[in-house]
Amino acid sequence: MTRLSPNEEFLDYMTLVDLGQSEVGDAHKGKRLDRLIALLRRHVLLILMVVLPTTLATIYYGVIASPQYASETRFVVRSPNRNAAGMLSGFLQSTGFVRAQDDSYVVMEYIESRAAVATLEEKSDLRDLLARPEADFLTRFPRPWSDTTEEALYRHYRRIMTIDTDSSGGVTTLEVRASRPEDAQKLTEALLVGAETLINQLNERARQDAIRYAKLEVTDSESRMADVQKSLTGFRNKVAMIDPSKQSAVMLDMIAKLSDDVAKSKAQYTALIQQAPQSPQIQSLRSSIDAMETQISTERARIVGGDASMAPLIAQYEQLLLQRELGMRMLESSATSLENAKIEAQRQQLYLERIVNPNRPDYALYPKRLYSILLIFALCFSAFWIVRFLINQIYDHAET
């Protein structure tokens, strides 16, 4: 057997030591890996619900999210005839106008509606403004997983638009976000113009409704007057006289005159009988008296002697005159109502008063990176503790 030199023996020893250490290191690495796997298994819920979402949010808001510029405007809808409340409303009331809060909500509903989206598509090329290359994949329209339908566009529009009304002062605040400052200002201005157009339409509709009903009343009164006048003309043609009342007055005057003549003739007749009973004038005077009394009876019969007399004609004529008088009053009243309706419609006009015009921002207010990351972390951490509590409760019930 060949004996090794001291140097060769040392080299063999060091080789064995290295082999032993490598085996020991591999064992430690295996244990470390097992511990890591066990730790991951033990905290898989925390990782999935807190660590992973927060990490993704940090990556998105810290690296990917593009800046968004917000253009803001403030306005108030006011009317000259409504009660006011609040400091701003008191100021408007002192100037002759007060806020119309109900109509402010009408404007809000319009801006939040699909009609506003259609207006923006027509006036400001909404789709092109939302598809700017500066926007990231979450703020650009359309998103990678969404379509380009009108419904998808409306949902995206609701995400970039915020509107709110202060119930105490009646001031409405509108904010629109976009990838470029000029785009945000353009969209806000287009929405304001659309709201002003809506207010004008409401004014015109209210004015037309108020005036239309008043005009219908005037037309109805004029039609009634025309019918009454037609009936009056037909009556005059039928009886062949203009005014039966005046005609009867002439007849009454004639009766009164004849009565006076009869009285005088009777006086003469009595005097002749007493002074000259044989006078030939007595017979002629008697005949004259009888003729005048017959004439008086005939004229009286013509006035109040039955259906063919003047009395029924006068009654019909006076009824027609009464209808004409009532018709004239109704026509005058409806004409006055029409004028009042025009004045009231003008007085009830709504006004959209701009308090702050849409601005062109020079600084991106969105996204609020740190706030968004902390908010996601807080929400995920809260959800994690809730789920963990429920799981522990389930295990506790299962063990019992």
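Predicted model: local features only at pLDDT ≥ 70, side-chain atom pairs only at ≥ 80, totals over all residues.
Local features need pLDDT of at least 70 and side-chain atom pairs count only at pLDDT 80 or more, whereas totals for chains, interfaces and linings use all residues. Residues are numbered from 1 along each chain as its sequence is written, and side-chain values use heavy atoms, with hydrogens and water left out.

**View 1. The bend in helix H2 lies at valine 51.** H2 spans residues 44-64 and bends by about 30° (the angle between axes fitted to the seven residues ending at a residue and the seven starting there). Val50, Thr54, Ala57, Tyr60 and Tyr61 of H2 are buried (under 20% relative accessible area, 1.4 Å probe, protein chains only). Helices are DSSP runs of H or I with at least four residues, numbered from the N terminus.

**View 2. Threonine 139 lies in the loop between helices H6 (126-130) and H7 (150-160).** Threonine 139 counts as buried because its relative accessibility is 18%. Its side chain forms a polar contact of 3.1 Å with that of aspartate 136 (N or O atoms within 3.5 Å, one able to donate a hydrogen and the other to accept it; residues adjacent in sequence count only if both atoms are side-chain atoms). Leaving aside neighbours within four places in sequence, threonine 139 is in contact (heavy atoms within 4.5 Å) with Tyr60, Ser66, Gln68, Leu130 and His156.

**View 3. Helices H5 (residues 114-124) and H8 (residues 181-239) pack at about 120°.** Their axes, lines fitted to C-alpha atoms over the stretch in contact, are 10 Å apart; angles run from 0 to 180 degrees between N-to-C directions.

Terms used:
Helix = DSSP H or I, 4+ residues; strand = E, 2+ residues; numbered from the N terminus. Buried < 20%, exposed > 50% of the residue type's maximum accessible area, 1.4 Å probe, protein only.
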